[in-house]
Amino acid sequence: MIEGDDFEIFLVTAPGLESALCAEARAAGFRAPTSVKGGVTVTGGWPDVWRANLEIRGASHVFARIAAFRALHLAQLDKRARKLAWGEFLRKDVPFRVEASCKHSRIYHQGAAAQRIENAIKDQLGAPLSPDAELCIKVRIEDDLCTISVDTSGESLHKRGHKEAVAKAPMRENLAALFLRQCGYDGTEPVVDPMCGSGTFVIEAAEIAAGLKPGRTRHFAFEQLATFDAAAWQRLQGAGGNKGKVSGSDSRAPTVRFYGSDRDAGAIQMSRDNAERAGVAALTAFRQHAISDLVAPEGPPGLVIVNPPYGGRVGDRKALYPLYNALGQTLRSRFTGWRVGLVTNDASLAAATGLPFAPPAGSVSHGGISVTLFLTGPLP
């Protein structure tokens, strides 16, 4: 059980992006960030849980680790669950639900394991059980070790709270943020996405440059916990003036700009609407045109990042080679000095660009498809 002020906080991310998330947590000043399979652990208290939800761009959920103990059978799980002081963090008037997973353990029935935890909470607190509850207790039993956590986020953190319109096969915001980090982007250079869809890369880059906190406009499950301090949370939210829009004349506004283009007029309108809701419309420009009409914006070189169509998303892979070839030709001829990051599930499509990609790192699951980020240095 949590004792004292500090406990383990688990930041969840897609397998393959743990090191990038660990670097983000370290840069954000979280204590003892450590990469583990599927995420990053840090140490802290409840204010650190709130700050992680508010500020960390690359996580999908923030779990507060409540307890860990060995359980070899259901009766032992039941007994130990009833010894936990659930009332220290759960409220008797807030509905909850329990999700359990069992792996390599003598307790193998997930439903039975979840039921033991549910009964312990209901009997101790009288809190209502609901399958639709936002507040979720996560029970993981692996190698007979039971770890109990509270999902403090609620809805996935990629749902920033200001993006309503999405394109087909959209790039999730938390993945976009970590891909930008892997490209070496730090908010000080322009970014171009020539197949911008609903604008995720461009908007995420603009928010990073403007210092806007990703969770500034949304609600979190931790607001329903007994440990929640509304006044302290308001102060944390207000730190740095992160609630409003960034105008071009704002002293906080970055000097660089962020550009998206797409051949689809609907995608461009979606991107503009999303940028407006995110408060970064003044920092972004979206235009409808083909890849062949793409030109580098005036000013210093920066980063081109693109998530083109690929076989798992559109079906016919062979039809995509001309598109990738045209993208490569345009970038090689007009983007001297720019770096390129390209996300695809097919190395042969990346090769069709003719761009000088370095050997890629491992793959990442994006919408159930294994994708890889291919990177270049500054183009000659």
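**Close-up views of a predicted model**

**View 1. Helix α2 lies across strands β1, β2, β3 and β4.** Helix α2 spans residues 46-55. Strand β4 covers residues 61-70. The helix runs at about 140° to β4. The model shown here, and in every view below, is predicted.

**View 2. Helix α1 lies across β1, β2 and β3.** Strand β1 covers residues 7-12, and β3 covers residues 39-44. Helix α1 runs at about 175° to β2.

**View 3. Seven strands form an open sheet with mixed pairing.** The order is β2-β3-β1-β4-β7-β6-β5. Strands β2 (31-36) and β5 (97-103) stand at the edges. Each has a single partner strand, so one side of each is left without a neighbour in the sheet. Neighbouring strands are turned by 25° against each other on average, direction ignored.

**View 4. Strands β5 and β6 run parallel.** Strand β6 covers residues 136-142. Seven bridges join β5 to β6. Strands of a sheet pair through backbone hydrogen bonds, either parallel or antiparallel.

**View 5. Helices α1 and α5 cross at roughly 85°.** Helix α1 covers residues 18-27, and helix α5 covers residues 173-182. Their axes come within 9 Å. The two helices are therefore roughly perpendicular to each other. On α1, the contact is made by A20, L21, A23, E24 and A27. On α5, it is made by L178, R181 and Q182. By class, the contact has five nonpolar, one polar and two charged residues.

**View 6. Ring pairs link W50, F220, F222, F228 and W233 into a cluster.** Look for F220 and F222 within this group. The ring centres of F220 and F222 are 5.3 Å apart. Their planes stand at 10°, so the pair is stacked. Both F220 and F222 are buried. The count for the model comes to eleven aromatic pairs.

**View 7. A second open sheet has the order β10-β9-β8-β11-β12-β14-β13.** This sheet has seven strands, and the pairing is mixed. The edge strands are β10 (284-288) and β13. Each edge strand pairs on one side only. The twist averages 25° from one strand to the next.

**View 8. Helix α6 lies across β8, β9, β10, β11 and β12.** The helix covers residues 200-210. Strand β8 covers residues 191-193, and β11 covers residues 303-306. Helix α6 runs at about 175° to β9.

**View 9. Strands β9 and β10 run parallel.** Strand β9 covers residues 258-262. Five bridges join β9 to β10. D262 stands opposite Q288 in β10.

**View 10. Strand β14 is mostly covered.** The strand covers residues 369-375. Five of its seven residues are buried. Strand β12 (residues 339-344) runs antiparallel to β14, and four bridges join the two. Here L342 has F374 as its bridge partner in β14. Strand β13 (residues 364-366) also pairs with β14 in the antiparallel sense, over three bridges. V364 has V371 as its bridge partner in β14.

**View 11. Strands β13 and β14 form a hairpin.** Two residues lie between the strands. In this hairpin, G367 takes a positive phi near 60°.

Definitions and conventions:
Residues numbered from 1 in each chain as written. Predicted model: local features only at pLDDT ≥ 70, side-chain atom pairs only at ≥ 80, totals over all residues. Heavy atoms only, no water. Axes fitted to C-alpha atoms, helices over the stretch in contact; angles between N-to-C directions. Parallel < 35°, antiparallel > 145°, perpendicular 65-115°, else oblique. Contact = heavy atoms within 4.5 Å. Nonpolar A, V, L, I, M, F, W, Y, C, P; charged D, E, K, R; others polar. Pairing = 2+ DSSP bridges. Phe/Tyr/Trp six-rings, centres within 6.5 Å; stacked < 30°, edge-to-face > 60°. Buried < 20%, exposed > 50% of the residue type's maximum accessible area, 1.4 Å probe, protein only.
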